[in-house]
Amino acid sequence: MSYDVFDVIIIGSGIGALVTATQLAVKGASVLVLERYIIPGGSAGYFEREGYKFDVGASMIFGFGQKGTTNLLTRALDAVNISLETIPDQVQIHYHLPNNLDVKVDRNYQTFLENITAYFPDERLGIRRFYDECWKVFNYLNSMDLLSLEEPRYLLRTFLQHPKSCLGLAKYLPVNAGDIARKYIKDPELLRFIDMECYCWSVVPADMTPMINAGMVFSDRHYGGVNYPKGGVGQIALSLVEGLEKAGGKIITSAHVTKILLEKGRAIGVKLASGDVFRASIIVSNATRWDTFGKLLTQEKMLTNENQWQQRYQKSPSFLSLHMGVKSDILTNNTECHHILLEKWEKMAELEGTIFVSIPTLLDPDLAPHGYHIIHAFTPHWLNEWDKLSQSDYEARKEAAADRIITRLEKIFPGLDASLDYLEIGTPRTHRRFLGRSDGTYGPIPRRKLPGLLGMPFNRTAVPGLYCVGDSTFPGQGLNAVAFSGFACAHRIGVDLRLG
Ligand SMILES: NC(=O)c1ccc[n+]([C@@H]2O[C@H](COP(=O)([O-])OP(=O)(O)OC[C@H]3O[C@@H](n4cnc5c(N)ncnc54)[C@H](O)[C@@H]3O)[C@@H](O)[C@H]2O)c1
Ligand SMILES: CC(C)=CCC/C(C)=C/C=C\C(C)=C/C=C/C(C)=C/C=C/C=C(C)/C=C/C=C(C)/C=C/C=C(\C)CCC=C(C)C
């Protein structure tokens, strides 16, 4: 048993955690990050097999722009004097949708508008108005420093400096993207396209997707753009850890926190599976809310406000992931890095409905052996389909699911099956085991239509001394979103600890 004392202990090392840790370390706090897995990064981690370097999650990275204030990954690395080489992606997504709706979302805004308008010429004005309104939200965000909305002096200062942006954002906080889309667009097929535009990163349709997040994604892809870190997504976490250590912070991997310790109701430390105990003035959990309040805090009664939150939000499904190494000659010259495949609109949000595809080697060929590409295909799946199976049933189910997905992908990548060199199949069980996420969930989604982002909790919790960071906090899923949550968390803690 050890009794080291820190200013801040952070449970987990996802991007939300590492942004919090680096921000606090450069402010002079003594920070300890405890990660249960063998490497940092969480959903933004990687693994290597037979010469391939696979990203655990998708490879579509926002937040690496060079201008404005919303480029939060660039800013987080800048703060610890690190810059990462990134490779611009000219097309955010190539959609392969029902009724031969085949649309590329180009980095250039006008080109994208023309691509979609070609399918819906009667909706030219509505399309323009919807996406322009998204720009309005983005421009408000991109005009101000993005810090803790729980810090009154920051709110006042920001309001005095940017009253129009603050009032504008306050107006959009309770709004969902579907409300705005239906104001301008009538064509049901086009509204379904907007649903898919939201679903493919928020995993809910437009009516349940907060307008602030839609404003970020639908505009930043044409502003800072989608940029891939050279060496793979895992480089982001490795670089943040390098910066953390340079700034005096510490990380321990293979350190599984099993309990948050309370004294007179205040969080004062953590206990590890090894029995080791660490103490700190402040504890931050990067685990999901279900894990933090259901497992790490061993109170008999769930806190009332967490209970209320769980009545509003539920766990999204997890994913079935196919990490494939394929011969490069099956991809034609104009193949894009990211694809969405859906054959029937009504199946969009169903199990195995939408297939997401990332081919990061089109941007960074060094991630695979010469002459080969990585294709990562994933599709929503629930844990209960995979739990409590014998090993042989589990393997057989994985093979059958992979066959179904590969057969469907043959439509956009003819010859895929025959060109397979390597295949690793991840299930919701894999996500639960390696990411420590309850049921392997991708994150919280509204149970029903909610007022935009108003119901998402900030970083402080009802337990004094305990904060949360990551996709269980405002503004939710996405690397740039959890980076915001990290900036906000560190800002609030910095004020609470009176750091300079
Ligand atoms: N844009 C993309 O393509 C992309 C790709 C990957 C991930 N993502 C996003 O990343 C987001 C997740 O980031 P995040 O910061 O919320 O966290 P995360 O889930 O990625 O990381 C949490 C970390 O905490 C660790 N952990 C959990 N319980 C622990 C315990 N008890 N003790 C010690 N360690 C523990 C896990 O091992 C994991 O490393 C997701 O919302 C997803 O949208 C996006
Ligand atoms: C002062 C007063 C009076 C009022 C204050 C009002 C105010 C200042 C409000 C401020 C609100 C703020 C600051 C909000 C900030 C919101 C942010 C930063 C939101 C960021 C969102 C980022 C998102 C949603 C990023 C998502 C990214 C992606 C791509 C996620 C995942 C993608 C996949 C899993 C799919 C990949 C797809 C394929 C095809 C492989």
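**Domains, ligand shells and helix packing in the predicted model**

The protein chain is divided into domain 1 (2-44 + 65-84 + 230-312 + 445-496), domain 2 (86-228) and domain 3 (318-381 + 387-426), with bounds that come from an automatic or database domain assignment. Between domain 1 and domain 3, the C-alpha centres are 31 Å apart. This is a predicted model, in which local features need pLDDT of at least 70 and side-chain atom pairs count only at pLDDT 80 or more, while totals for chains, interfaces and linings use all residues. Residues are numbered from 1 along each chain as its sequence is written, and chains are lettered from A and ligands numbered from 1 in the order in which they are written.

We can turn to the ligands. Ligand 1 is surrounded by 34 residues, the closest being G12, G14, G42, G57 and G470; a residue is near a molecule if its C-beta atom, placed from the backbone, lies within 6 Å of it. Two or more residues of this shell come from each of α1 (15-26) and α15 (479-496), where helices (H or I, at least four residues) and strands (E, at least two) are DSSP runs, numbered from the N terminus. The largest contribution to the shell around ligand 1 is that of α1, with three residues. By class, this shell holds 14 nonpolar, 15 polar and five charged residues. Here Ala, Val, Leu, Ile, Met, Phe, Trp, Tyr, Cys and Pro count as nonpolar, Asp, Glu, Lys and Arg as charged, and the others, Gly among them, as polar.

Around ligand 2 there are 30 residues, of which A58, L169, G478, A481 and F484 come nearest. At least two residues each are supplied by α5 (152-161), α6, α8 (188-202), α9 (211-223), β15 (338-341), β16 (355-358) and α15, and α9 gives the most, with four. The shell around ligand 2 has 23 nonpolar and seven polar residues, and no charged ones.

Helix packing comes next. Two packed helices are described by the angle between their axes and the distance between the axes. Axes are lines fitted to C-alpha atoms, for helices over the stretch in contact, and angles run from 0 to 180 degrees between N-to-C directions. For α1 and α15, the angle is about 35° and the axes are 7 Å apart. The crossing of α1 past α15 is right-handed; a crossing is left-handed if the near helix is turned anticlockwise from the far one by less than a right angle, and right-handed if clockwise. On the α1 side, I15, G16, V19, T20, Q23 and L24 meet residues of α15 that include L479, V482, A483 and S485, with contact meaning C-beta atoms, placed from the backbone, within 7 Å. This contact comprises ten nonpolar, six polar and no charged residues.

Helix α1 also packs on helix α10 (residues 234-246), their axes coming within 9 Å and crossing at roughly 20°. That makes α1 roughly parallel to α10, as angles under 35 degrees count as roughly parallel, over 145 as roughly antiparallel, 65 to 115 as roughly perpendicular and the rest as oblique. The crossing of α1 past α10 is left-handed. Contact is made by I15, L18, A21, T22 and A25 of α1 with I236, A237, L240, V241, G243 and L244 of α10.

Helix α4 (residues 124-141) and helix α6 (residues 163-172) pack at about 130°, with axes 9 Å apart, which makes α4 oblique to α6.

Technical notes. Two residues are in contact if their C-beta atoms, placed from the backbone, lie within 7 Å.
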